[in-house]
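Subject: Structure handover

Hello,

Here is the structure for your files. My notes on it follow below.

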Amino acid sequence: MAEPVRMVELWRGGLLESWHVGHAVIWSADGGLVEAWGDPDTVIFPRSSCKMIQALPLLESGAGEALSTERLALACASHQGAALHVGLVRRWLLDIGMDEADLRCGAHAPADIEERDRLIRAWERPCQIHNNCSGKHAGFLMLARHLHAGPEYVAPDHPVQLSVRSAFEEVTGETSPGFGIDGCSAPNFATTVAGLARAMAFFAGAAGGGGARARAAARLTEAMIAHPDLVAGEGRACTELMRAMRGRAAIKTGAEAVFVAIVPERRLGIALKIVDGSTRASEAAIAALLVRLGLLDQDHPATLKRLDAVQTNWRGFETGILRAAPGFP
């Protein structure tokens, strides 16, 4: 087994203060493995980076055939819980005859500051629609209704999750060794970094392909690219970097420093995992890979916010810099 490689460093006062190691894979829909750093066979939980895979059965089954691109993007989203996101998910639930109580994702405060402050001023509690996974769960509910299945759609043996696992194993090309329960209560199936990159390459090469799965993957990718504001939200890496690439790739983060990219024009998939779970490092690493592939401008403000990012203190003094480690990528 190869050791993880150093990917991101933090320098302060001319000295190396911290560093982050990880694994990354670039996979081609046409030729397989293109390049790897660290150990491609490291088993990881993809966390929210695989939401587009979890949404495949929604479309393959026909349940989501008429869904708008906005709702498809929300099915793949880890949104901020902004008024925009909450309103769209609430309307989706109403349209399928469901409401907030039918969700099984749990409630948490929105990451969006304006919506959080509005709740505080109104003495309102956040509800499950504020959960960053509520769009994915609206899709799960829609699929469960289509399958005439029970309400506990996050149970690992529920028809919804059995269909998710089947799709997951087929597009990763691997039998999952098991699952963990994600923050939103849904099972999250494990795979290797290479398997996750292989799945992203499938999405990247799906346009024009035959079969329900290829059509589903292409629609989900197109929806993410068309609506970066729904996939994450203002100030978030997924949204800002997708905007900076002007439709050339779809990217998605996951908890514990997982990041993926789907590059249709090159038919490439990318997956990476930072071992220590640092989000700042996964954002810097994916930006470095996208710059290397010529998809992202190294001098774009969205890039510089995460790569070659100057650190400042509370008085605005420059204190350090976060950058890609020498030799990566």
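Is Cys127 buried or exposed? Cys127 is buried, because its relative accessible area is 16% and the cut-off for buried is under 20%. Please keep in mind that this is a predicted model.

Cysteines

The number of disulfides comes to zero, with 2.5 Å between sulfur atoms as the limit. For Cys105, which takes part in no disulfide, the nearest cysteine sulfur is that of Cys184, 6.9 Å away. Cys105 is buried as well, at a relative accessible area of 4%. Cys127 is likewise in no disulfide, and here the nearest cysteine sulfur belongs to Cys105, at 8.6 Å.

Helix α9

Helix α9 covers residues 212-226, 15 residues in total. From first C-alpha to last, α9 reaches 21 Å, close to the 21 Å expected at 1.5 Å a residue. Its buried residues are Arg213, Ala214, Ala216, Ala217, Ala218, Leu220, Thr221, Ala223 and Met224. In an α-helix, residues three or four places apart point the same way, because there are 3.6 residues a turn.

Leu220

Leu220 lies in helix α9 and counts as buried because its relative accessibility is 0%. Leaving aside residues up to four places away in sequence, Leu220 touches Met52, Ala55, Leu56, Leu59, Leu72, Cys76 and Phe203. Gln54 is 166 residues from Leu220 along the chain, yet their C-alpha atoms are separated by 11 Å.

Regards

Methods: Residues are numbered from 1 along each chain as its sequence is written. This is a predicted model: local features need pLDDT of at least 70, side-chain atom pairs count only at pLDDT 80 or more; totals for chains, interfaces and linings use all residues. Side-chain values use heavy atoms; hydrogens and water are left out. Helices (H or I, at least four residues) and strands (E, at least two) are DSSP runs, numbered from the N terminus. The expected span of a helix is 1.5 Å times one less than its number of residues. Buried means under 20% relative accessible area, exposed over 50%, partly exposed in between (1.4 Å probe, protein chains only). Contact means heavy atoms within 4.5 Å.
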